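Hi everyone, thanks for coming along.

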Amino acid sequence: MKISALGFSAALLTMGIAAAGGGYWLAERPANHEVMPTPAPTDERKVLYWYDPMQPDQRFDKPGKSPFMDMELVPKYADAGQDSSTLSVPSQAVQNLGMRTAPVTRGVLPSGIEAVGSLAYNQREVANQQARAGGFVERVYGHAPGDVLPAGTPLVDLLIPEWSAAQLEFLAVLRTADTRLISATQERLRLLGMPQSLVEQVRRSGQPRAVQTISTPIAGELQALEVRTGMTVAAGQDLARINGLSTVWLDAAIPEDQAGAVQLGASITATLTAFPEQPLQGRVVALLPSADSQTRTLTVRSELANPAGKLRPGMFAAVRLNSTVEEPALLIPSEAVIRTGKRALVMLAEADGRYRPLEITLGREADGRLEVLSGLEEGQSIVTSGQFLIDSEASLQGVVASHVELDNAKKLHESHGVIRALDAEEVTLEHGPFESLNMPGMTMAFPLASPEVAAGLNPGDHVRIGARQTDSGLQIERLDKQGEQP
C-alpha cells in the first residue's frame, strides 16, 4: 500500500496542465472539427475485498453500504508483489513527516516503584482509658487533645463511692487473719474493677482509697479527653484515647497493575518534604485488600520507626518500593506506543520504506521506557515520531495491525489453597502465592471459567489452582482436589 499524498498532488498538477492545454487547443482549432469521444478508463485491478475506512479490520465480500457508517464501502485492490499488511512510505514523505526510528533493545528496567504517600497514625498502637466503675470526676489535670504525653501522666481523678465501702470491708477482714476470707474479699474487689495495684496500696496503708487516678498507659498523643470536673461517669464510659508515636504508618498509592510487584517485607525508601536530606528506611507491612474505585490504585502500607518524634501524621513523602528482582527484558521508548484504550500498537520499520502496524503487549514502565512482553524481537526498528500519521493512513488503506499472542496468556498460573465459599459462577479461595505473577497469598473471590471447574468440590476442600489472566482479572480454569496440607 502506498501513501497517496504525493501521488495525489502530482496527479492534480498534471490534470491542471492538461486542462489548460486542452482549452487552448479547443479555442484555436477550426469550429467544424468534431471531437472524437474518448473511451472511459477501466480499472482492471483485482478487488480483494471491501471495507469501511472507519472499521478497517472488518471485511466484506461485495460492495454496498457500511453497516457501521452511512457511507459506501471502499474496495481493497490486490497489488502484485506487495504485502497487504504493510504500508509503503516514500523517502520524501519520511523527511517531510520528520519520522524517527529506534531499535528494540534488551536491558534491565529499574524494578522499583515510585509513588507518593502520607504518614498516618499506627492504629495498632492505641490505648483507650475507661471508667471501671461509676463515680464522679473530682479533678482533670489540665491536658487537652493534641498534647504529646509520656507514659504514666495523670489525666483524671475519679471518686468511686462503691469502692470506698468495699475497701473498708476488706480492711476489716484483714484484721481477722482468715486467709480464706481475705482471698474471697480480694476477689470481690477485683470484680468491682479495682486494679491490683490499688488493692495493694490499701493493704499497705490500712486506709481506704476511693479516688482513682487515670493515667496514660503509653506515651503518645492525647487524641480525646471526654470528661470535665464535676461530671458523673458510668462504668465502661470512655474517658481518654492515646495514640502512640513510636512508629508511624506510611500509606502509598500505586497503580493496580503493579500490585504483583509488591512483596510483604520488602524495603522502602521514603523522603519527606520536611526533611529532604534525610531519607528514611522501612518495610512493607501490608497491601490493603481494596482498590480506590476512582483512581484505580492500591494502598501499600509501610511502618517507619519514629524514635525522635519528628515524623508527624499527615506529612507527605516521596516513596520508592525497592526490589531485588532485576531481569533483562525487551525495551522500547514510551513515545513509540500508540494506545487505543483496548490495545497498544507500534509501527515496525522494515526494508524499502515499508511499515507494519503491530499490536504488542506491554509490561512495566520506568525512565521513559516500556517493557515489551510480546509482539517484538530484539534488534527490530520501530517508529518513535510520526507514527500517528502512518497509523491514520494505515486505517484509511485498510491495513490491519498484526497481533502476537502473549505466551504467558496461554499457560495457567498455579497455586494451592482452600475453598472457603463456592457457587456456580464464583469461588472464594484462601490461596498461597502465585509465583508466576509475584502475587502474595490472600483470601479473595475469583470467577469460574465454567461451573464444571468446581464440580464435586465443597467449601473446606484443599485444591491445586490453575488460573488464567484475562482482561477482567484472574479466572479459575482448574481446581484439582488434594489431601489436607500439613
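Let's start with R296, which is partly exposed, with a relative accessible area of 40%. By that I mean between the two cut-offs: buried is under 20% relative accessible area and exposed is over 50%, with a 1.4 Å probe and protein chains only. R296 sits in the loop between strand 18 (280-291) and strand 19 (297-305). It is not a glycine, and yet its phi is positive, about 55 degrees. As a reminder, most residues other than glycine have a negative phi.

A word on what you are looking at: this is a predicted model, where local features need pLDDT of at least 70, side-chain atom pairs count only at pLDDT 80 or more, and totals for chains, interfaces and linings use all residues. Residues are numbered from 1 along each chain as its sequence is written, and side-chain values use heavy atoms, with hydrogens and water left out. Helices (H or I, at least four residues) and strands (E, at least two) are DSSP runs, numbered from the N terminus.

You'll find A177 in the loop between helix 3 and helix 4. A177 is exposed, with a relative accessible area of 58%.

Helix 3 has 14 residues and reaches 20 Å from its first C-alpha to its last, close to the 20 Å expected at 1.5 Å a residue. The expected span here is 1.5 Å times one less than the number of residues. Which residues of helix 3 are buried? They are W163, A166, Q167, F170, L171 and V173. Seen down the axis of helix 3, these fall within an arc of 155 degrees, so they line one face of the helix; the arc is that of the directions from the helix axis to the C-beta atoms. They pack against helix 4, helix 5 and strand 12 (211-215), where contact means heavy atoms within 4.5 Å.

Now move on to helix 4, residues 179-191. Its 13 residues should span 18 Å at 1.5 Å a residue, and its end C-alpha atoms are 19 Å apart, which agrees. The buried residues of helix 4 are I182, T185 and L189. They cover an arc of only 65 degrees around the axis, which puts them on the same side of helix 4. Their packing partners are helix 3 (161-174) and helix 5 (196-205). On the other side of helix 4, R180 and L191 are exposed.

What happens at the ends? At the start of helix 4, a side-chain oxygen of D178 comes to within 3.1 Å of the backbone nitrogen of R180. After helix 4 comes G193, with a positive phi near 95 degrees.

In what order do the 6 strands of the barrel close? The order is 7-16-19-18-17-20, with antiparallel pairing; two strands pair if DSSP finds at least two bridges between them. Strand 7 (residues 113-121) and strand 20 (residues 316-321) are joined by 6 bridges. One to look at is G117, whose bridge partner in strand 20 is A317.

Last stop: P333, in strand 21 (residues 328-333). P333 and A102 are 231 residues apart in sequence, yet 7.8 Å apart in space, C-alpha to C-alpha. Thanks, and over to you!

Technical notes: A polar contact is a pair of N or O atoms within 3.5 Å; within protein, one must be able to donate a hydrogen and the other to accept it, and residues adjacent in sequence count only if both atoms are side-chain atoms.
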